[in-house]
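Me: I'd like to learn how to read ligand sites and pockets in a model like this. Could you walk me through one?

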Amino acid sequence: MSSDNDLNGVAGYMQHAKEQALSNVENIAEDIAADTFPEGKLFEIAQAIGDKRLEELNVADTTCGYCAVGCRFDLYSDGEEILAARPTEDEDAPINGISTCVKGKFGYDFINSDDRLTAPLVRDESGQFREATWDEALSRVADGLGEIRDTHGGEALSVIASSKATNEENYLMGKFARQVLQTNSIDNCNRLCHSSTVAALGQTYGYGAASISTDDLEIADCILLTGSNTTEAHPVLATQIKQNVRDGADLLVFDPREIQMAEYASQYTQVKPGYDAVWINGITRYIIEHDLYDETFVAEQTTGFEEVQESVEEFTPDRVEKITGVSHDEIASAAEMIADADGCVFGWTLGLTEHSHGTENVIAMANLAAITGNLGKPGAGVSPFRGQNNVQGGGGDMGPLPDNFPGYQDIADDDVRAKFEDAWDCEIDPEYGYYTTQMFLEAAEDNIRGMYIIGENSALSEPGVNHAEDVLENLDFLVVQDLFVTETAKYADVVLPASSFVEKTGTFTNTDRTVQMVNKVMEPKGDSRPDWIILQELANRMGRSWDYDSTAEVMDEINSLTPIYGGVSHERVKENGGLQWPCWDMDHPGTVRLYEDEFNTDNGKVNLKGVGYSEPAETPTEEYPLTLTTGRVLYQYHTGTMTHREEGIMQYNPSDFVEINPATAAGMGISGGDPVRIESRRGETVVPAQITDRVGPENVFVPIHFTESAINRLTDEEHLDPTAATPEYKVSAVRVEPADADALDADVDTGQEAMSQSLSSDDRTSMSTGDD
Ligand SMILES: Nc1nc2c(c(=O)[nH]1)N[C@H]1C(S)=C(S)[C@@H](COP(=O)(O)OP(=O)(O)OC[C@H]3O[C@@H](n4cnc5c(=O)[nH]c(N)nc54)[C@H](O)[C@@H]3O)O[C@H]1N2
Ligand SMILES: Nc1nc2c(c(=O)[nH]1)N[C@H]1C(S)=C(S)[C@@H](COP(=O)(O)OP(=O)(O)OC[C@H]3O[C@@H](n4cnc5c(=O)[nH]c(N)nc54)[C@H](O)[C@@H]3O)O[C@H]1N2
Ligand code: SF4
Ligand SMILES: [Mo]
């Protein structure tokens, strides 16, 4: 409970935040402000708090449930809805201090939305959903999954775990898959995202994680960003980088789109999508050729330098320019800036990883960071900005993975497997299971017959969703556990209502390996239950006797089995205001920066690896002459289950669009707002055009957030990264043509109308930081 002073403070804070959001818009497009930021519910929370009596409010400090920056703040609730989010004092918020972005501050309407799932759903005889008791729904799940396991073996089942859920819940998802369902086919959204980063950094340095602390972004001399739209996807990190640039740091941005970070860059270079290893190798070649590398570091802390030297030889300036469009001068100046810096941080996101050769791209980057000695010291290192709020912890560290137990312990290792067989009292197959992308391909061959999908909206987010929909439709048995009846849940036999992060307690691990508390601020909506409780009840119905009273107890089991979390307990996380792994034992303070002493490889050194030429699986042809790339915008989150339910956000950014270069549009007679048909070899969609020179004439960009256009109808489910099985979301060959207005369906029509009042793409990103 809070004091009067607190209440006055938070009401004032939210009022200020609202005014700032309004004035941001007004500064850019005065006439639009009234429409895009209505005096609606979202921005009336200050008033609402003012009207409350203090004994009616709960407050809890917690960690944001949107992205992996890991902002912390106090959430205020009257038990029905979240009324305010205010960043906590500095010491409790190691990452964000007093900043948050617009989603962290205002993105809570979804929690109490009318279409939240409040009871389990099962199919009745006519095939329609009807509400059911937990008892009936859990029995159906236990029978449905149990029957497949007993008839076809556990390997015919798969689980998709949720990086929205806590570490403790993800640990239990892994345990449930292996112990109860007897399958290793468990995976999560990291497969669609940074799994190529995890593989590449694991092979070269030893840990598949950022080596830096976010503080290093504020002190680096030089920052190289590529394939990261930082202001929109990791807004609070973007603010830290921009501040450092104002203080004099160099910023290099390589991206096919002239994103907002480009405005702050010492050098912005437009790259052709899909050829990153080529220009990165070009920089490495220049650095070696001009003796700009760190000879002592290379000699003492790496192996394989000669292999890299040889492999980059073919990437001459002429060849790099011809393939990627990056000029000799740009390669040279980038190389000089990196080499001159006392410390350089290499930051990247999906532009590098979501490719049929993402692992090679990241290895090329890891080579560059290592030969310039930019590891294990302040203001230097690698930083793959992770995606979902808990994909580092829940999606990786906790081992809901086909090949790893918690803490990246290999399931094929006999000693490790014996440890988990003993702890979990079960036998575990040493064969790896299927990755998510493979599960969908294998299900089409009947090798997977049942799926348990927890907090993932695969029917929109998988590559090639025409294929994914067929698979979901044809499964023998599908359970979906979510907050809503998502596009995926529509195919389910049973839908289980889960509680959101404000309704439960546990931990998330953010992008710089900081484990932080998530605290319950509201009771679960309706009859929804936290994922860990659902799993426990299901395990017990399927013959086990799980007996956890709290997620703190689950964390105690995790730390006993997972060396890098050895010293992580709820008590210590609270005491320390967050703990960064590796944290070996209860006296260990955690690790701010990786590799200060040695690398986590067999010989303690970096394993440099040569990377040759690679290109996207699909290159332009006469029939499909343009390259489609896909990604995010600030105000939306993924498939929109959470952000589409925010009144303010939807008025601001209501529907999707395709960014087309003015020259390309003019050639086709397309003007802003016109409906445009985009077609790939796998599918087509129609969206309104936004004409902008942010994209080059050979590329188009469509955001991923909208059901109406379902851009993944166009992407490719088959050409996966050979190591990490990541799909090539960032490159599809397409053709584009004007479409009839009636080709936009009713939903998109509404969007188009709103779009004409909405901000242009340039306005959108120039105000896109949304933090303060
Ligand atoms: N607002 C918001 N924030 C989010 C999310 C969200 O949905 N909404 N999702 C979260 C998640 S899970 C993730 S993984 C992160 C993703 O964060 P980001 O990866 O930053 O987001 P994207 O928009 O997918 O793509 C990043 C950039 O890659 C560029 N790009 C495309 N193709 C290429 C290429 O071939 N090479 C290079 N070098 N660049 C390329 C695009 O132009 C874009 O600027 O965001 C997280 N944060
Ligand atoms: N074309 C294209 N496709 C992409 C990408 C791209 O860049 N381009 N990016 C890919 C990437 S990086 C990612 S991460 C994926 C994201 O794809 P998804 O993970 O499928 O996207 P979300 O919409 O975040 O789905 C999360 C679901 O979890 C539910 N949820 C939220 N909290 C909880 C909880 O506590 N418990 C449970 N049980 N459920 C909860 C939400 O309601 C939502 O339905 O998309 C991928 N798809
Ligand atoms: S940057 Fe925004 S979405 Fe990401 S953790 Fe912070 S407040 Fe949440
Ligand atoms: Mo992601």
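Predicted model: local features only at pLDDT ≥ 70, side-chain atom pairs only at ≥ 80, totals over all residues.

Me: Which side chains have a polar atom facing ligand 2?

Reply: Glutamate 354 has a polar side-chain atom 3.0 Å from an oxygen atom of ligand 2, and threonine 630 has one 2.9 Å from a nitrogen atom of that ligand. The protein covers 98% of the 920 Å² of accessible area that ligand 2 has on its own (areas come from the Shrake-Rupley method with a 1.4 Å probe).

Me: How many residues are around ligand 2?

Reply: A residue is near a molecule if one of its heavy atoms lies within 4 Å of it. For ligand 2 there are 30, with Asn457, Ser461, Asp482, Thr639 and Asn712 coming nearest. Sorted by class, the shell has 10 nonpolar, 12 polar and 8 charged residues. In that sorting, Ala, Val, Leu, Ile, Met, Phe, Trp, Tyr, Cys and Pro are nonpolar, Asp, Glu, Lys and Arg are charged, and the others, Gly among them, are polar. Domain 2 (121–191 + 390–580) and domain 4 (626–756) each give at least three residues to this shell; the domain bounds come from an automatic or database assignment.

Me: Now ligand 1: which atoms does it approach?

Reply: A nitrogen atom of ligand 1 is 2.8 Å from a polar backbone atom of alanine 233. Taken alone, ligand 1 exposes 910 Å², and the protein buries 99% of that.

Me: Why does ligand 1 lie between two domains?

Reply: Domain 3 (195–384) and domain 4 (626–756) both give residues to its shell, so ligand 1 lies between them. That shell holds 34 residues, with Ala233, Asp255, Asp276, Arg632 and Gln636 the closest. It divides into 11 nonpolar, 16 polar and 7 charged residues.

Me: What surrounds ligand 3?

Reply: Its neighbours include Cys64, Cys67, Cys71 and Cys101, along with Pro235 and Val236. By class, the shell around ligand 3 has 8 nonpolar, 3 polar and 1 charged residues.

Me: And how do I read a pocket?

Reply: Rolling a probe the size of a water molecule over the atoms shows where empty space is left. On a 1 Å grid over the protein atoms alone, a pocket is an open set of points where a 1.4 Å probe fits, with protein on both sides within 12 Å along at least five of seven lines; lining residues have an atom within 4 Å of a point. The largest pocket here is lined by 32 residues, and Val198, Gly202, Gly206, Asn404 and Tyr408 lie nearest its centre. Its lining has 12 nonpolar, 15 polar and 5 charged residues. Domain 2 (121–191 + 390–580) and domain 3 (195–384) each supply at least three of the lining residues.

Note on methods. Residues numbered from 1 in each chain as written. Chains lettered and ligands numbered in written order. Heavy atoms only, no water. Polar contact = N/O pair within 3.5 Å; in protein donor to acceptor, adjacent residues only side chain to side chain.
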